Structures are given as structure tokens and as C-alpha cells.
Amino acid sequence: MVDHYLKCLVRAILAGIAIGIGGCVFIGTMDACGSSMRWVGAFLFAVGLFTVFSFRLDLYTGKVGYLFDNRPSFAVDLLVIILGNFIGCAIVGFAMPLDTAVAICQLKLDDFDVFKVLMKGVFCGMLMFIAADCYKQFKHHIATFVCVPVFILAGFEHSIADMFYFCSANILTFDALVFIIVVIIGNAIGGVAIPLCRKYLYEE
């Protein structure tokens with residue numbers, strides 16, 4: 001059991017690093033090309049999720065949708081995954097302190113409305129489940145390179161990406177923690193929404 005959680009933690013750390021790299025290229029594109037080219041950075045951000053799926057890493061937003069398809073102890077796996085994702089994001093974030101990350105995080109905190117942030121997390125969670133399940137079923141990345149740009153350009157909230165932004169901005173405050181927790185909850189609600197509907201609303 002210890003070996004299981006240790007491997008899970010390592011996979012989650014690597015996933016966090018992958019998302020952090022995606023965050024770096026998103027911010028780098030905005031810094032180099034301006035906000036008018038934000039769509040390019042949004043598309044390139046998908047390299048993080050592409051890496052997660054390709055190398056079978058453990059990303060919270062890609063796993064939480066399967067919460068009710070697994071044994072109850074899978075909830076512990078998710079907690080380990082969140083911890084590992086944060087460690088991975090922190091490694092990249094602290095190694096890459098970016099001024100634009102500071103602006104992004106300040107904007108998030110200045111406009112912090114719990115319900116609005118929760119719903120942004122829900123919608124992002126739905127998109128992440130779509131991307132994860134399409135890869136799981138069909139083994140292609142089309143949904144990855146559609147869903148990631150959509151959640152970014154729509155302004156939805158991805159809890160692991162937010163961990164990277166706050167670490168890169170070196171904003172490790174109580175408000176930042178609450179913000180991320182709200183997004184984690186929202187991502188979970190959105191992540192399980194589609195599979196629950198698929199399980200109980202359709203006749204196979």
C-alpha cells in the first residue's frame with residue numbers, strides 16, 4: 001500500500017511539473033506576443049495535459065471524474081494526487097518567478113467571489129473530464145487540444161494551473177489557499193457531473 005501511494009505521489013509530482021511547464025509557455029506567449037495572441041498560449045498550454053495522458057501521470061482534474069467508478073479508498077489517492085500536483089507546480093513556479101503570474105493572481109484575488117469561482121471550477125472540471133475520457137476511450141488527443149484552450153479562453157479555473165500561478169507569483173496567503181480550495185471543489189463537481197449523468201440517466 002505504501003508503494004502504491006509513493007508511486008502515485010511521484011506520478012502526481014511529474015504531472016504538476018507538466019502543468020507548470022504549460023503555464024510557463026502560456027505566460028511566455030502573452031509576454032512575447034501580447035494579449036491579442038492569448039489563443040496561441042492557450043493552445044500551447046495543452047502540452048501539459050498532453051504529457052499527462054501520454055505518460056499516464058496522475059493529474060487531479062483528470063482523475064476526479066472517476067471518483068464514483070472506483071473503490072472508496074480512491075478518495076485517498078486523490079488527496080495524494082493533489083499534494084503531488086502542488087509539489088510539482090511549486091517546483092516549476094518557484095524556479096520560474098514570472099511578473100505576469102503576479103498580475104494574474106492579483107486579478108483572481110481582487111475579483112474573488114466564491115460562487116463565481118466555484119462555477120468557473122465546475123465548468124473547467126467538465127472540460128477536463130471530457131478531455132480525459134476521450135483519451136481513455138479513443139486514445140487520441142483531439143479533445144485535449146480543444147478543451148484546454150476552451151477553458152483558458154473562457155476564463156474557467158483549473159486548480160492545478162492556479163497552484164502554479166500562485167507559486168510563480170510567490171503569493172502563498174490564506175486567501176490564495178481558500179481560492180484554490182474553492183476551485184478544487186468546483187473541479188470535482190464538474191468532473192463527476194458527466195459520468196454521473198452517463199451512469200444514471202441513460203439506458204445502455
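This is a predicted model: local features need pLDDT of at least 70, side-chain atom pairs count only at pLDDT 80 or more; totals for chains, interfaces and linings use all residues.
**View 1. Packing of helix α2 against helix α8.** Helix α2, which covers residues 38–45, packs against helix α8, residues 144–153, at an angle of about 135°, and the two axes lie 8 Å apart. That angle makes α2 oblique to α8, and the crossing in which α2 passes α8 is right-handed. On the α2 side the contact is made by Arg 38, Trp 39, Ala 42, Phe 43 and Phe 45, while α8 contributes Phe 145, Val 148, Pro 149, Ile 152 and Leu 153. Sorted by class, this contact between α2 and α8 has nine nonpolar residues, no polar residues and one charged residue.

View 2. Within α8, the buried residues are Thr 144, Cys 147, Val 148, Pro 149, Phe 151 and Ile 152. These buried residues of α8 pack against α1, which covers residues 2–33, and also against α2, α3 and α7. Val 148, Pro 149 and Ile 152 are among the residues of α8 that make the contact with α2, and they are also listed among the buried residues of α8. Just after α8 comes Gly 155, which takes a positive phi of about 80°.

View 3. Because its relative accessibility is 3%, where the cut-off for a buried residue is under 20%, His 158 counts as buried. The side chain of His 158 reaches the backbone nitrogen of Ala 161 at 3.1 Å. When residues up to four places away in sequence are not counted, His 158 touches Leu 59, Thr 61, Cys 124, Met 128, Phe 151, Val 183 and Asn 187. One of these, Phe 151, is also a buried residue of α8.

**View 4. Packing of helix α3 against helix α7.** Helix α3, residues 47–54, and helix α7, residues 114–138, pack at an angle of about 40°, with 11 Å between their axes. This angle makes α3 oblique to α7, and α3 passes α7 in a right-handed crossing. The residues that meet here are Leu 49, Phe 53 and Ser 54 in α3, and Met 128, Ala 131, Ala 132 and Tyr 135 in α7. By class, the contact of α3 with α7 has six nonpolar residues, one polar residue and no charged residues. Met 128, which meets α3 in this view, is also among the residues touched by His 158.

Definitions and conventions: Residues are numbered from 1 along each chain as its sequence is written. Side-chain values use heavy atoms; hydrogens and water are left out. Axes are lines fitted to C-alpha atoms, for helices over the stretch in contact, and angles run from 0 to 180 degrees between N-to-C directions. Helices (H or I, at least four residues) and strands (E, at least two) are DSSP runs, numbered from the N terminus. Angles under 35 degrees count as roughly parallel, over 145 as roughly antiparallel, 65 to 115 as roughly perpendicular and the rest as oblique. A crossing is left-handed if the near helix is turned anticlockwise from the far one by less than a right angle, and right-handed if clockwise. Contact means heavy atoms within 4.5 Å. Ala, Val, Leu, Ile, Met, Phe, Trp, Tyr, Cys and Pro count as nonpolar, Asp, Glu, Lys and Arg as charged, and the others, Gly among them, as polar. Buried means under 20% relative accessible area, exposed over 50%, partly exposed in between (1.4 Å probe, protein chains only). A polar contact is a pair of N or O atoms within 3.5 Å; within protein, one must be able to donate a hydrogen and the other to accept it, and residues adjacent in sequence count only if both atoms are side-chain atoms.
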